[in-house]
Structures are given as structure tokens and as C-alpha cells.
Amino acid sequence: MAARLAEARERTLQLVEPLSDEQLNRSYSPILSPLAWDLGHIANFEELWLVQAVDGQEPMRGELARYYDAIENPRPIRDQLPILLGADLRSYMADVRERALGVLAAIDIDGAEDPLIRAGFVYELVIAHEHQHNETMLQLLQMVDGYESPAQDDSVGAEVVVPGPEMVRVEGGMVEIGAAAAGFAYDNERPRHVVELDPFEIDRTPVTNAAYADFVADTGAEPPLYWERDGEGSWIRTARGHNEPLVPEEPVVHVDYAGAEAFARWAGKRLPTELEWEAAARGADPSRANLDQLGFGPAAAGAYGDAPAECGALQMLGDVWEWTSTEFDGYPGFEAFPYREYSEEFFGRGFKVLRGGSWATRRNAIRTTFRNWDLPIRRQIFSGLRCARSL
Ligand SMILES: [Fe+2]
């Protein structure tokens with residue numbers, strides 16, 4: 001567990017290594033936190049759970065937790081909070097880690113009766129939280145001119161593209177949905193339950209830039225975030241202040257829900273429900289997917305052709321999050337654990353479910369049962385789509 005905590009922190013610090021303190025503290029967008037807030041929040045979450053909750057210690061910095069509570073402090077005001085900056089921030093992160101490791105050394109995870117500690121749940125929670133904040137940080141890093149990741153792996157782009165049919169069939173029937181009772185998963189992925197699905201077809205790969213550009217040309221729809229026209233009228237991508245030609249065969253990304261839904265209709269299809277998505281993703285292998293921030297962008301549609309889901313669909317995991325038509329809510333028999341604010345607070349409030357993770361998602365933080373949710377208007381997230389069709 002100590003090694004995994006260290007690995008998570010190493011990646012977090014690697015992501016921000018090229019940035020100055022001024023860039024860490026700057027507010028780039030009202031819908032994203034300054035990176036310094038994310039860093040302090042990651043450490044404060046670790047203190048709350050691994051030091052205070054597990055060991056009963058008093059807070060190290062008085063009322064600091066108030067400013068790092070994500071619900072109390074919505075993103076537009078986070079740059080006005082008296083958060084930790086610079087050397088003070090770095091020493092707080094290190095102090096929390098030292099205390100957390102001290103607590104970890106003194107407890108017996110395997111013999112624990114407390115459900116928070118049993119099977120290392122609270123440690124998995126803290127590691128997954130840091131991993132998930134890496135992705136939020138990467139959303140903001142798309143807005144930082146000239147930003148380059150120090151941790152790229154060029155082999156991701158070299159994945160062989162395997163041609164195949166446009167859509168694959170999913171039989172449906174009685175399908176098990178959600179995470180099994182054992183192992184780490186979030187409360188919203190449980191309980192595992194059976195649903196009945198009609199057979200349907202789903203796109204074999206995510207929708208590409210080329211297809212989305214055709215849709216924009218045909219309908220006048222708003223292009224995705226970071227698309228601009230160059231002098232010749234061709235689309236370029238402007239993320240991270242670069243002006244790069246759009247790669248036609250890559251999955252489209254930074255699409256909002258209305259765009260995804262309109263594309264599907266234009267294509268004579270529809271978005272899958274999240275239950276259909278999960279049924280289609282059965283058998284997808286996270287170790288053979290473009291995850292973990294290493295490719296630093298999507299791989300071409302049809303990549304990882306040797307690792308299809310059982311139905312034959314490719315890239316169900318990684319590359320881009322996929323919008324589903326389902327509104328985020330609890331599964332039948334839902335029970336909040338370990339706190340209401342993780343999921344339940346967001347049920348039934350118009351958030352749409354996204355599935356599958358993106359290139360920016362750490363491998364540990366995704367599985368076929370994982371449910372992400374966001375407001376339909378959001379497109380700074382790494383969101384794309386694939387379409388479905390009833391049979
Ligand atoms: Fe958080």
C-alpha cells in the first residue's frame with residue numbers, strides 16, 4: 001500500500017513538474033480549480049481519511065479542511081480561498097504523507113474489523129481519489145500554453161489498427177450489472193444486479209474526428225472544444241496552445257452531451273444506455289487499452305484490435321469517456337458508503353453517465369462497472385461517444 005501511495009504521488013508531481021508556482025496558482029477557467037487547489041485537496045483528503053479517520057488524530061492545520069471541501073467550495077470560487085501555495089503546500093503534502101505512513105505501519109489491514117480498513121478499503125479510496133484528480137488536472141493542463149507531459153510513452157501511438165464492421169451485435173438477455181461485493185469499487189457501482197436487455201448493435205469503435213467533422217459540416221453543429229479552422233478552412237486542434245492538424249482517424253474528444261446526442265441522431269442511431277454500454281464492455285481488458293496518461297491523447301479508432309470486448313467492440317476502455325443516455329442515479333438497493341457526498345448527493349439531478357475512462361484516466365481508476373457523471377454541457381472533460389441501434 002505504501003508503494004502504491006508513493007507511485008500515485010510520483011505521477012501527480014510529474015504532471016505539474018513543468019509548471020511554475022504562478023501557473024499552479026492561476027485560475028484558467030471558472031469550471032476548473034487552480035492546480036494548487038487540487039494538490040492541497042489531494043493531501044487534505046489523505047489527511048482526513050488516512051490520519052484522522054483511521055487513527056483519530058486531530059487536524060494538522062486547524063480549519064484547513066474547510067477550503068478543500070469540494071462541495072462547500074464550488075470551482076468558480078476556489079481561486080479566492082486562502083489555500084496553501086508554494087513551499088507551504090509542498091511541506092503540507094509531505095507532512096501528511098509522513099503521518100499517513102506512520103499510521104499504516106501501525107495497523108493490521110488484513111485483521112481489521114472496521115469496514116473502512118478491512119481489505120484496505122480506505123487506502124484504495126485515497127489512491128483512487130488521487131488518480132481521479134490527475135485526470136481533472138489534465139483537463140486544466142489542456143488550457144496551459146505549451147504544456148508537455150514529462151511521462152509520455154510513444155508506443156501507444158504505434159498500436160496496430162484492425163479493420164472490421166461498423167457495428168457489432170450484443171445479445172442482451174439477462175445481464176449482470178455492477179461491481180461484485182468483494183474488492184474495491186464505489187458505492188454507486190453496487191449492488192450488482194440483473195437487468196433484462198433487448199438485443200442491440202453498438203459501434204465497434206468510438207466515433208472519429210473525421211465522422212464528427214462530416215456531421216459538423218452537414219448540420220452546422222458546434223464543433224468540439226479546441227477545434228478551430230486554419231487559414232485554409234481545415235480543422236486544427238488548439239489544446240495546450242498547439243496548432244495541430246486534427247487526426248481524422250482518432251476518436252473525437254471534448255464533445256458535450258447535446259453534440260453527442262445530435263451526432264447519434266444524424267447517424268441514424270442513438271446513444272447507448274449505460275446498462276447497454278456495460279453489457280457491451282464485458283470482457284474488455286484494461287491492461288490492453290490506451291489509459292494511464294501515457295499516450296497523451298486518444299489512439300486511432302480500431303487500435304488494440306487484439307483485445308476486443310466479448311461482443312467484438314474495441315476501445316471500450318480508455319481513449320475517450322463515452323456519453324450514455326442515462327441520468328446518474330442509484331442502482332436498486334443502493335447504500336451510501338463511506339459517505340453520502342461521494343455519489344448520492346448527485347443522484348437525480350440531471351447528470352449524465354459517462355463510461356469507460358479516457359487516455360487521461362489512470363489504469364487503476366477504471367473498470368467496466370465504473371460510473372462517471374457530469375453535467376450535459378461539460379466538454380472540458382475527455383468525452384467522446386459511440387452510438388447504438390435497437391434491433
Ligand atoms: Fe476530490
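Predicted model: local features only at pLDDT ≥ 70, side-chain atom pairs only at ≥ 80, totals over all residues.
Arg389 lies in strand E12 and Glu201 in strand E4, so the pair ties together parts that are 188 residues apart in sequence. Arg389 counts as partly exposed, because its relative accessibility is 33%.

## Sheet E5-E6-E7

A further open sheet of three strands has the order E5-E6-E7, again with antiparallel pairing. Here strand E5 (227–229) and strand E7 (244–245) stand at the edges, each with a single partner strand, so one side of each is left without a neighbour in the sheet. Strand E6, residues 235–237, is joined to E7 by two bridges, the two strands running antiparallel, and the bridge partner of Ile236 in E7 is Pro245.

A contact between a charge and a ring involves residues of this region: the charged end of Arg229 sits over the ring of Trp235, 3.9 Å from its centre. Elsewhere in the chain, the charged end of Arg371 sits over the ring of Tyr331, at 4.2 Å from the ring centre.

## The iron site

The iron ion has as its protein donors the NE2 atoms of His41, His129 and His133, which lie 2.1 to 2.2 Å from the ion. Along the sequence, these donor residues are spaced H-x87-H-x3-H. Two of the histidines, His129 and His133, both lie in helix H5 (residues 121–141), where they are four residues apart, about one turn of the helix. His129 is buried, and His133 is buried as well.

The contact is a salt bridge whose closest N and O atoms are 4.0 Å apart. Arg97 counts as buried, because its relative accessibility is 11%, and Glu130 likewise counts as buried, at 2% relative accessibility. The two residues belong to a network of salt bridges that links Arg9, Glu46, Arg97 and Glu130.

In the model as a whole, the count comes to 28 salt bridges. Among them is the one in which the side chains of Glu63 and Arg66 meet, at 2.8 Å from N to O. Arg66 counts as partly exposed, with a relative accessibility of 47%.

## Aromatic pairs

The count of aromatic pairs comes to 27. One of them is the tilted pair formed by Phe263 and Trp266, with 5.5 Å from centre to centre and 50° between the planes. Both residues lie in helix H7 (residues 257–266), three residues apart, about one turn of the helix. Phe263 is buried, with a relative accessible area of 4%, whereas Trp266 counts as partly exposed at 34% relative accessibility.

Trp359 and Phe382 form an aromatic pair that is edge-to-face, with 4.9 Å between centres and 65° between planes. Trp359 lies in the loop between strand E9 (352–355) and strand E10 (372–374), while Phe382 lies in the loop between E10 and strand E11 (383–384), so the pair ties together parts that are 23 residues apart in sequence. Trp359 is buried, and Phe382 is buried too.

Definitions and conventions: Residues numbered from 1 in each chain as written. Heavy atoms only, no water. Pairing = 2+ DSSP bridges. Donors = N, O, S within 2.8 Å, 3.2 Å for Na, K, Ca; no water. Buried < 20%, exposed > 50% of the residue type's maximum accessible area, 1.4 Å probe, protein only. Phe/Tyr/Trp six-rings, centres within 6.5 Å; stacked < 30°, edge-to-face > 60°. Lys NZ or Arg CZ within 6 Å of the ring centre and 35° of its normal.
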